[in-house]
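Subject: Structure handover and notes

Hello,

Here is the structure we talked about, with my notes below it. Please read the notes with the model open beside them.

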Amino acid sequence: MTEILLSDVSKTFKGRRVLRDVTLAIEAGRSYAITGPNGSGKSVLLKLMCKLLLPSSGRVVIDPKYLSASRTFPDRFGVSIDGPAYLPGLTGEDNLRELARIRNRVGDVEIGATMDDFGLERGRKTKVRAYSMGMKQKLSLIQAVMERPDVLILDEPFNALDTSSRARATSVLRGHLKGGGTLVFTSHYESEVSDLADEVYSIDTQHLVKVS
Amino acid sequence: MNPRYLLLLSAVTGLVVVLATLIAPGSSDGGSTALGGPNGMPLNDLTWIFVAGVCPIALAMASAGHGRGMLWLRLMRHGSRPRWLAAELSRDARRLVTIVGVWVILILGLTAIRARGPHTGVEFYQLCVNLPLQMILCLTLAFAITRSRAPALAKLAVAAVLAVGAAVPLATWPWNPLTAGALARTQLGFGAILASSLLVIACEALAITIAIVSSLEFPAIPSTKGVPQ
């Protein structure tokens, strides 16, 4: 069953074309890796998939069970794109609570459990402004995963993570896939790509090309 | 800024006003009090600027900072921009009510302490009606302006409005709302006090509207046609 369908999607910014005629069907329960050099448009493609950007031409169709008439942005999507700006004066846990309160689907227990999964210490008083790159990356992944979404869209999820943290993250994502979830991610790490992805695509001179 | 610090700031602000009221020249003079008399006028205006200016701006900056944090993640979770905006405004309103609530409690406490002294009616009017109303208006102004897409211009506009707000009563002392209120109470009764309050509020609302219309690119909601990252 197709959850996200991109048909002949192109995206142009101020006359500069970033993506051209991209067609891709994201099927439920499968995982997709998108690779490509920096600035090739991977993040733009992910934003198009979750309606944070609109295509210049072509269509992005999302399964109505996620995108009802009253919504602009799909439900049950866990998204981490571009390392979102957190509230620097709060702890990581408080940032996560702020986000969790919006949908009210998970509480402190689930947040804590997800923090444990990624190896981010609970109850720590460190404010996010003092977080390292790796800790911020973990925070981004935790907020995307903590509400047990059906679809995960992650931009460079393994960046800034050390070896053991990458293994933890891979394990969590594998669990998500085992539970029937869908995963779309970008990465430069070949091992994680081959480990997690059912299909691998690359963006080459604005076009999306299937690699394997 | 953490809301707890804002509450602390609000409480400190209230204490500054209390102390200023108690130690200001003329506070024991039956004809002029720190809040109402000419001798205490500059101090009155300074405390007014602090209460109605610094506190709301700090609150608004915190609100704007909070609004920017995790913006897209919030948008995604709310599902649509109207819902996101409604949630943002609702949060701001709750903060505003909390801070004004703290302020009113301090005012009532101060009024009770000073009930033994003269001119409590005028002070009560000034503290319970005039200042909170002015503060709410300035909060509204600061909230709106700090959410603009030109923060430097917005801050300048806030400063200008506050400066004008302070300069006008300084330059036209006989028409200072408190003086007008005191005179009206003495000579015309509380109906005239209400009228003078409404006049002050109307003037401030006009100034705020002009400031907003002239400086805003409102609201600072993220565009779905952003730039590539």
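Helix axes here are lines fitted to C-alpha atoms, for helices over the stretch in contact, and the angles run from 0 to 180 degrees between N-to-C directions. Helices (H or I, at least four residues) and strands (E, at least two) are DSSP runs, numbered from the N terminus. This is a predicted model, in which local features need pLDDT of at least 70 and side-chain atom pairs count only at pLDDT 80 or more, while totals for chains, interfaces and linings use all residues. Residues are numbered from 1 along each chain as its sequence is written, chains are lettered from A and ligands numbered from 1 in the order in which they are written, and side-chain values use heavy atoms, with hydrogens and water left out.

**Helix packing between the chains**

Helix α2 (residues 92–103) of chain A packs with helix α3 (residues 71–78) of chain B at an angle of about 20°, and their axes are 8 Å apart. That angle makes α2(A) roughly parallel to α3(B) (angles under 35 degrees count as roughly parallel, over 145 as roughly antiparallel, 65 to 115 as roughly perpendicular and the rest as oblique). The crossing of α2(A) and α3(B) is right-handed; a crossing is left-handed if the near helix is turned anticlockwise from the far one by less than a right angle, and right-handed if clockwise.

On the α2(A) side, A:E98, A:L99, A:I102 and A:R103 meet B:L73, B:R74, B:M76, B:R77 and B:H78 of α3(B), where contact means heavy atoms within 4.5 Å. The residues of this contact divide into 4 nonpolar, 1 polar and 4 charged. For that count, Ala, Val, Leu, Ile, Met, Phe, Trp, Tyr, Cys and Pro are nonpolar, Asp, Glu, Lys and Arg are charged, and the others, Gly among them, are polar.

**Helix packing within chain A**

α2(A) also packs with helix α4 (residues 133–145) of chain A, at an angle of about 25° and with the axes 10 Å apart. α2(A) and α4(A) are therefore roughly parallel to each other, and their crossing is right-handed. The contact is formed by A:G92, A:L96 and A:L99 of α2(A) with A:L139, A:I142 and A:Q143 of α4(A). By class, these residues are 4 nonpolar, 2 polar and no charged.

The buried residues of α2(A) are A:G92, A:E93, A:N95, A:L96, A:E98, A:L99, A:A100 and A:R103. Buried means under 20% relative accessible area, exposed over 50%, and partly exposed in between (1.4 Å probe, protein chains only). The helix is followed by A:N104, which has a positive phi near 55°.

α4(A) has another partner in helix α3 (residues 108–118) of chain A: the two axes come within 10 Å and cross at roughly 135°. That makes α3(A) oblique to α4(A). The crossing of α3(A) and α4(A) is right-handed. A:T114, A:M115 and A:F118 of α3(A) make the contact with A:K138, A:L141, A:I142 and A:V145 of α4(A), a set that divides into 5 nonpolar, 1 polar and 1 charged.

**Strand residues in chain A**

A:S202 lies in strand β8 (residues 199–204) of chain A and counts as buried, at 19% relative accessibility. Its C-alpha atom is separated by 4.6 Å from that of A:T35, 167 residues apart along the chain. Not counting residues up to four places away in sequence, A:S202 touches A:T35, A:G36, A:H207, A:L208, A:V209 and A:V211.

A:D8, in strand β1 (residues 2–13) of chain A, has phi near 50° and is partly exposed at 46% relative accessibility. A:D21, in strand β2 (residues 16–27) of chain A, has phi of about 45° and is partly exposed with a relative accessible area of 46%.

**Chain B as a whole**

Chain B has 8 helices and 0 strands. Of its 229 residues, 48% count as buried. Among contacts in chain B between residues at least 6 apart in sequence, 73% join residues at least 24 apart. The accessible surface of chain B comes to about 10800 Å², with 75% belonging to carbon and sulfur atoms; areas come from the Shrake-Rupley method with a 1.4 Å probe, and for residues only the protein chains shown count as cover.

Regards
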